[in-house]
Amino acid sequence: MLSRRRHQVRGTRNPVKQLGDHEAASTGAIEPNVPPELVSTKPLPLPADFEWVTIDMEDDAQLSEVYHLLTHHYVEDGEATMRFKYSPAFLRWVLHHPGYDKSWHVGVRVKSSQKLVAFIAGIPQELRIHDSVLQVTEINFLCVHKLLRSKRLAPVLIKEVTRRCHKSGIFQAIYTAGQVLPTPISCARYYHRTLHARKLVEVGFSSVPRGMSMAQHEARYKLPETTSLPGLRPMQTRDVPAVGRLLRRYMARFDMAPRFSDAEVRHLFAQAVPLDTRPVTWAYVVERHDGAITDFFSFYSLPSTLLGHEQYDTLEAAYLFYYATDAAFDDGAAQQSASTPTPPPAQQATDQTISPYEAARQRGQAAWQCSALSRLSPAEAADEADVRPWHTESHASRERLKARLCALMNDMLVLANKEGFDVVNCLTVLDNPLFTHELKFGPGDGFLRFYLFNWRIAPIAGGMGSRADEDALDPAAASSEENEHVPRPLPPSIYGSGNGIVMV
C-alpha cells in the first residue's frame, strides 16, 4: 500500500531534538532567532552543472514543470507499483496558501538545458504546541530526479529552503517522514477504508480474506445510497465564519494543532470550482434548524498512478482532511458556540482588530522578532477560550463524540463513494481512532512520523496503541510515564490522539 512517506535526509546537522534529550526540562527553541543580516545571503553551493531558481507557481508553465517532475519522480510505494499523482490544481491550492512566500518554492535546474530536476516547498503555518504559538514552515514536496539521486541534492535543498525561511524571519518547521530520523515527536499509522473492493484487490492494494469469496468481500464494504444526517450539505463561502469558529474551538483540544484564520478556512475548504473541473477538496457542514453550523468535515483527492498495470492506470484515493463537531464539548458550551450568530460586516470590522503579529510589526518589530506571536485576530483567538484538552474529557464526553463522529464519517464515506473514489485513507491523528474500527477502516503497513525543526518538546500521542505491534513504534508510549504532557494510553473504546496535524 502506498503511504504518505517523505524522503529521508542523512548526514545533516540540524537543530533538532536528539535521542536522550531530557523530556521535562527541554521544551522550547533549540537555537534562538537571529536578524536577517546574520543569515547568509549566498545560496548553498551546487554542483557546477546546476543552478538555483525560485519557481513562480503563479506561472502556468513553471507550475507544469513542477507537476511533471513530481508525476515521474516523487514518492512511490516499496514495490514501485504506485506513485502519487498530484494535479496542477492540487499544487496551486496547496502552495498558494494564504501568506505564502514565493522564495520558499525552491528549484534546481540544469544550466545547459534549464530542465527542472529538483524541487522543495515551504508552506506557512501557524502552529500551537501546548501553550506556545509558532509561525512555522511546513516542508513538503521534496523531489529529486531519479537519475540525480547520487548527487545528494536533497540535503542541500533542505538547507537552502531553511536559509530562505530564516531570511523571512521563520526559524521553526514541521515535516514528516516514513523513516525514523532524529527525533520523531509523534507517530501515526495509516488506515484505509475500502470503497471499491474488487478494484483494490485487482491492483494489489488489498486482498480477499481467507475463506471469503469476492462477493462476500464486496458486500462487507457496501455503503448506503444516501447520507443520513439531517441538514448535511456542501459548505459554502457564507459558512466560513461559522466553520472557522467551530474548527478553531475543536482544534484547541489537541496538544499540537494548526490555528486557522478565516482566510485560511476560506482557501482550504471553500474555493470556487468551475463546473467542468473536478474539485481538489470537498467540504460539508451540518446546519441545524435554527441556522447554526454544528458539524463540518472535509476530504481531498490524491490519486496514485498505477505503474505497469494492464487494466487500470489510476487508483482514486480520498484522504480525510480536517473536521470539527460541537459534540466534543459540554452541552452548554457547545450550543452557545455553535449558535453564536455571525456579526454583520460593520460589527466585524470593529471586533476583528489586528493580530498581535501585525501590532508588533506596526510598532516597528521585524519579522524575526514576531515568530512567537499569533496572526489570528483577537476575535479569532477568542474562539479557543475555555476548551478542555482532549485527554481530560470524560468517558461520557468521549462516547458522545465517538457516536457523532461515526455518523459524520459514515456519511463522508457515502459521499466519497458517490464521487468515484476507490479508497478513503486517514491517519490515527485527530479523533480518528474513535471511528476507524467501527467504520471498517483497516490498518495499513505505513507509519508517518512527525518532526519539528528547532523546537524541542516531549513526544505527543499519535493515536496508536490499540494494536499490539504499535507501542514499540510510538515515541509517546515511552514518555508517558515521565511527562505530564504525554497522557497515558486510554482504553481502546475511547482512544484518541493529541496530534491535530493533517499534512497533504
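This is a predicted model: local features need pLDDT of at least 70, side-chain atom pairs count only at pLDDT 80 or more; totals for chains, interfaces and linings use all residues.
Strand E10 covers residues 281-287 and is joined to E11 by seven bridges, the two strands running antiparallel. Six of the seven residues of E10 are buried, so the rest of the structure largely encloses this strand. Strand E11, residues 293-301, is mostly covered as well, with nine of its nine residues buried. Here a residue counts as buried when its relative accessible area is under 20%.

Thr281 has Tyr300 of E11 as its bridge partner, and Glu287 is partnered by Ile293 of E11. The two strands form a hairpin with five residues between them, where Gly291 has a positive phi near 95 degrees.

E10 also pairs with strand E8 (residues 232-234), in the antiparallel sense and over three bridges. In that pairing, Pro234 has Tyr284 of E10 as its bridge partner. E11 in turn pairs with strand E14 (residues 317-325), antiparallel and over six bridges. Phe297 has its bridge partner in E14, namely Tyr323.

The pairings with a stated bridge count are listed below.

| Strand pair | Sense | Bridges |
|---|---|---|
| E10 and E11 | antiparallel | seven |
| E11 and E14 | antiparallel | six |
| E8 and E10 | antiparallel | three |
| E12 and E13 | antiparallel | two |

**The sheet of E2, E12 and E13**

Three strands make up an open sheet with antiparallel pairing, in the order E2-E12-E13. Strand E12, residues 304-306, is joined to E13 by two bridges. Within this part of the sheet, Thr305 lies opposite Thr314 of E13.

**Helices H6 and H7**

Helix H6 (residues 240-251) and helix H7 (residues 262-269) have axes that come within 9 Å and cross at roughly 105 degrees. Crossing angles from 65 to 115 degrees count as roughly perpendicular, and H6 and H7 are therefore roughly perpendicular to each other. On the H6 side, the contact is made by Val240, Pro241, Val243, Gly244, Leu247 and Arg248. H7 contributes Asp262, Val265, Arg266 and Phe269. By class, the residues of this contact divide into six nonpolar, one polar and three charged.

Key
Residues are numbered from 1 along each chain as its sequence is written. Side-chain values use heavy atoms; hydrogens and water are left out. Axes are lines fitted to C-alpha atoms, for helices over the stretch in contact, and angles run from 0 to 180 degrees between N-to-C directions. Helices (H or I, at least four residues) and strands (E, at least two) are DSSP runs, numbered from the N terminus. Angles under 35 degrees count as roughly parallel, over 145 as roughly antiparallel, 65 to 115 as roughly perpendicular and the rest as oblique. Contact means heavy atoms within 4.5 Å. Ala, Val, Leu, Ile, Met, Phe, Trp, Tyr, Cys and Pro count as nonpolar, Asp, Glu, Lys and Arg as charged, and the others, Gly among them, as polar. Buried means under 20% relative accessible area, exposed over 50%, partly exposed in between (1.4 Å probe, protein chains only). Two strands pair if DSSP finds at least two bridges between them.
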